Amino acid sequence: GASEMKVKTSDLIGPALDWAVAKCEGRDYHSHECTYATDGSGKVWTAGTCQSEDRYSTDWSQGGPIIEREKIDIRWVESNWREIEGCWAGTYMTKIRYARTPLIAAMRCYVASKLGDEVEVPEELLK
C-alpha cells in the first residue's frame with residue numbers, strides 16, 4: 001500500500017484535507033483503488049470509493065452541506081495567537097481550527113473532531 005505520513009489537522013490543505021473529510025464521511029480510500037500515473041500526471045482512479053472530484057475544502061456545494069448538517073460554527077477573527085492578519089476560525093465540538101478561507105477552517109475542525117489532532121495521510125496527497 002501507499003506510505004502514510006502523520007499530519008497535524010491544523011496543517012491539512014488541498015487533496016490531503018479533502019481525503020480526510022471523505023474519510024470522516026465514511027468513504028475510506030484503499031490504495032488498490034487509487035493509483036498514481038507513472039508519468040507523474042496525477043491520479044488514476046479505478047472502481048471503488050475513490051473520488052477524484054472531492055473538493056470539500058474549496059467547493060461550497062460539497063463542504064456546505066457538512067457545515068449545515070454538523071452545525072459547524074465559522075467566524076472571522078481579526079487576529080489570534082498565531083498573529084495571522086485576520087483569518088477564519090472554524091469551531092466544531094471542542095475543536096477550533098484557523099485558515100485563510102472559511103471552508104478550509106470548517107473542514108479542518110470537522111476532521112480534527114472525528115480523527116484527532118493528527119491524521120495519517122497517504123504521502124502522495126501531500127505533494
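**A friendly note on the helix packing in this predicted model**

1. Helix α2 spans residues 60–70, and its angle with α3 is about 55°, with the axes 10 Å apart. Axes here are lines fitted to C-alpha atoms, for helices over the stretch in contact, and angles run from 0 to 180 degrees between N-to-C directions.

2. A word on the model before going on: it is predicted, so local features need pLDDT of at least 70, side-chain atom pairs count only at pLDDT 80 or more, and totals for chains, interfaces and linings use all residues. Residues are numbered from 1 along each chain as its sequence is written, and side-chain values use heavy atoms, leaving out hydrogens and water.

3. Which residues of α2 and α3 meet? On the α2 side they are W60, G63, G64, I66, I67, R69 and E70, and on the α3 side P102, L103, A106, M107, Y110 and K114; contact means heavy atoms within 4.5 Å. These residues divide into eight nonpolar, two polar and three charged. Here Ala, Val, Leu, Ile, Met, Phe, Trp, Tyr, Cys and Pro count as nonpolar, Asp, Glu, Lys and Arg as charged, and the others, Gly among them, as polar.

4. Helix α3 (residues 102–115) also packs on helix α1 (residues 14–24), at an angle of about 50° and with the axes 9 Å apart. These two helices are likewise oblique to each other. From α1 the contact takes in L17, A20, V21, K23 and C24, and from α3 it takes in I104, M107, R108, Y110, V111, K114 and L115. By class, that contact has nine nonpolar, no polar and three charged residues.

5. Is E78 buried or exposed? It is exposed, with a relative accessible area of 59%; the cut-offs are under 20% for buried, over 50% for exposed and partly exposed in between (1.4 Å probe, protein chains only). E78 and W88 are 10 residues apart in sequence, and their C-alpha atoms are 8.6 Å apart in space.

6. Finally, the whole chain: it has three helices and seven strands, in the order β-α-β-β-α-β-β-β-α-β from the N terminus. Helices (H or I, at least four residues) and strands (E, at least two) are DSSP runs, numbered from the N terminus. Of its 127 residues, 42% count as buried.

Methods
Parallel < 35°, antiparallel > 145°, perpendicular 65-115°, else oblique.
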